[in-house]
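Subject: Structure for your review

Dear colleague,

Please find below the structure that I am handing over to you. My findings follow after it, and I would be grateful if you read them with the structure open.

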Amino acid sequence: MDALDRRIINALQREFPVCERPFDVAAQQLDTSESELITRIRCMLDDGLLTRFGPLFNAENMGGALSLCAMQVPEKRFEEVAKQVNALAEVAHNYQRTHRMNMWFVLATETAEALQNAIRQIESVTGLTVFDMPKVDEFYVGLYLEV
Amino acid sequence: MPSTEKSESSEDLDRRIVLATQRGLPLDAKPYQWLGQELGVPQELVMERINTMLGDGRIRRIGTVPNHYRLGYVANGMSVWDIPDNLIQEVGQQVGHLEMVSHCYHRARHLPDWPYNLFAMVHGQTQAEVHDKVDHIAQLLGDRNRQHDVLFSTRILKKSGLRIGA
C-alpha cells in the first residue's frame, strides 16, 4: 500500500460520483488517471485491503428487518450452540465476545414477523434466552478509518 | 425502449439494481452504463434511481469499504453505555460524531441482565488504545453515563454478509 492507495481509500470512503465517467472524475481529485484508479481498486480488492467497492445498502430502508441479538451461552456448550445458531440462514453474522453475554449475532429477514420466528426457533433449539436488541435510533454510521 | 420495460415499476427496477450491485459496482470506466446494459435500461435511468436511493437512505453511500483488520485496526471494541432515557438523543449525537466511533446506535435494554442502551463501535490498533478512547468518552459524558463496558470480539463465528433475496 503506497501513498496513492491511502489517498484512494480515504477519499472513496466518503463518496463516489454518480455520472457517466465517475472514475475519471474521482481520479482528477486524487491526482491520478481513470485507468490507474480502476487498477488500484481492483488490486486492493484482490489483495483483501478493501472488502467492498460499490453502494452500501441500508437493509432496513430496503424493507427488511434487522436486529442485533445476544445470548449467555455456558462455556461448555459454546461450540454446540454456535453450530445451532449459525445453521439458520437468517443469521448474517455471529461473533464471540468477551462478556457474560458471549454470543452476538445479527438477524436479517425480509419481514419483522420472520425475525421473531427466527428468535423463537433459536430459543427452542438451544433452550437459551435470546436478548433481542433492535435499533431504536441511529446516530451515526460511518466506516471512515484514516489510513 | 421495449414495451416490457415501460411497465416496470421503480420499485422493481431498484430491486434489480440492488441485486446487480450486491457484489459491488462494476470496475469499468462507465459503470452505470455497464449496469444499464446488464439491466436493459438507459444509464440515465440507472443513475437517477441510484441518486434517489442515495437521497432516501436506501443506499448510505457509494465507495470503498476498507478491511479494518488488514489496515491495522485489529482491536474493535463494542462500547456499551447506560444512559438515562431522557438524555439518549443528546448523548447519542455527541458520541456518534466522535472521530473514533464508527457506528452508534440506541438499542433496547433488557433489565436486569443488560442495562446498556447506547452502543458505539470504537476502533483501534490495540485493545489498550480502544480502552483509552472509551475512557475519553466516559470523561466527556461525566455523570450522564451511569455505567459502561467494552466488549471485544474474540472470534468470528459466522460472516455471510447481508443479502436480499432474488
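At roughly what angle do the axes of helix H3 (residues 31-39) and helix H4 (residues 43-56) of chain B cross? This is a predicted model, and in it the two axes cross at roughly 105° and come within 8 Å. H3(B) is therefore roughly perpendicular to H4(B), as angles from 65 to 115 degrees are counted in that class. On the side of H3(B), the residues that meet H4(B) are Tyr32(B), Gln33(B), Leu35(B), Gly36(B) and Leu39(B). Their partners in H4(B) are Gln43(B), Leu45(B), Val46(B) and Met47(B). By class, this contact has 6 nonpolar and 3 polar residues, and no charged ones.

H4(B) also meets helix H2 (residues 10-20) of chain B, and here the axes come within 10 Å and cross at roughly 90°. H2(B) and H4(B) are therefore roughly perpendicular to each other. H2(B) contributes Ser10(B), Leu13(B), Asp14(B) and Ile17(B) to the contact, while H4(B) contributes Val46(B), Arg49(B), Ile50(B) and Met53(B). These residues divide into 5 nonpolar, 1 polar and 2 charged. Val46(B) is named in the contact with H3(B) and again in the contact with H2(B).

I turn next to the interface between the chains. Here, 59 residues of chain A are in contact with 62 residues of chain B. Several elements of chain A each supply at least two residues of the side that touches chain B, among them helix H1 (3-12), helix H3 (34-47), strand S1 (50-57) and strand S6 (135-141). The element that gives the most is S1(A), with 8 residues. Sorted by class, this side of chain A holds 33 nonpolar, 14 polar and 12 charged residues.

S1(A) also pairs with a strand of the other chain: S1(A) and strand S1 (residues 59-66) of chain B run in the antiparallel sense and are joined over 7 bridges. Within S1(B), Ile59(B) stands opposite Phe57(A).

As for chain A itself, it has 5 helices and 6 strands. Their order along the sequence is α-α-α-β-β-α-β-β-α-β-β. The radius of gyration of chain A is 20 Å, whereas the globule rule gives 15 Å for 147 residues; the value is well over the rule, so chain A is more spread out than a compact globule. Taken along the principal axes, the C-alpha atoms of chain A fill a box of roughly 60 × 35 × 25 Å. Of the 147 residues of this chain, 28% count as buried. Among contacts in chain A between residues at least 6 apart in sequence, 53% join residues at least 24 apart.

Two details of the backbone may also be of interest to you. In chain B, the peptide bond from Leu111(B) to Pro112(B) is cis, with omega near 0°. Pro112(B) lies in the loop between strand S3 (101-107) and strand S4 (118-124) of chain B. In chain A, Asp31(A) has a phi near 60°, which is a positive value in a residue other than glycine. Asp31(A) is placed in the loop between H2 and H3 of chain A. Because 8 other C-beta atoms lie within 10 Å, and 12 or fewer count as exposed, Asp31(A) is exposed.

With kind regards

Conventions
Residues are numbered from 1 along each chain as its sequence is written. Chains are lettered from A and ligands numbered from 1 in the order in which they are written. This is a predicted model: local features need pLDDT of at least 70, side-chain atom pairs count only at pLDDT 80 or more; totals for chains, interfaces and linings use all residues. Two residues are in contact if their C-beta atoms, placed from the backbone, lie within 7 Å. Helices (H or I, at least four residues) and strands (E, at least two) are DSSP runs, numbered from the N terminus. Ala, Val, Leu, Ile, Met, Phe, Trp, Tyr, Cys and Pro count as nonpolar, Asp, Glu, Lys and Arg as charged, and the others, Gly among them, as polar. Two strands pair if DSSP finds at least two bridges between them. Axes are lines fitted to C-alpha atoms, for helices over the stretch in contact, and angles run from 0 to 180 degrees between N-to-C directions. Angles under 35 degrees count as roughly parallel, over 145 as roughly antiparallel, 65 to 115 as roughly perpendicular and the rest as oblique. The radius of gyration is taken over C-alpha atoms; the globule rule is 2.2 Å times the number of residues to the power 0.38. A residue is buried if 20 or more other C-beta atoms lie within 10 Å of its own, exposed if 12 or fewer, and partly exposed in between; C-beta atoms are placed from the backbone.
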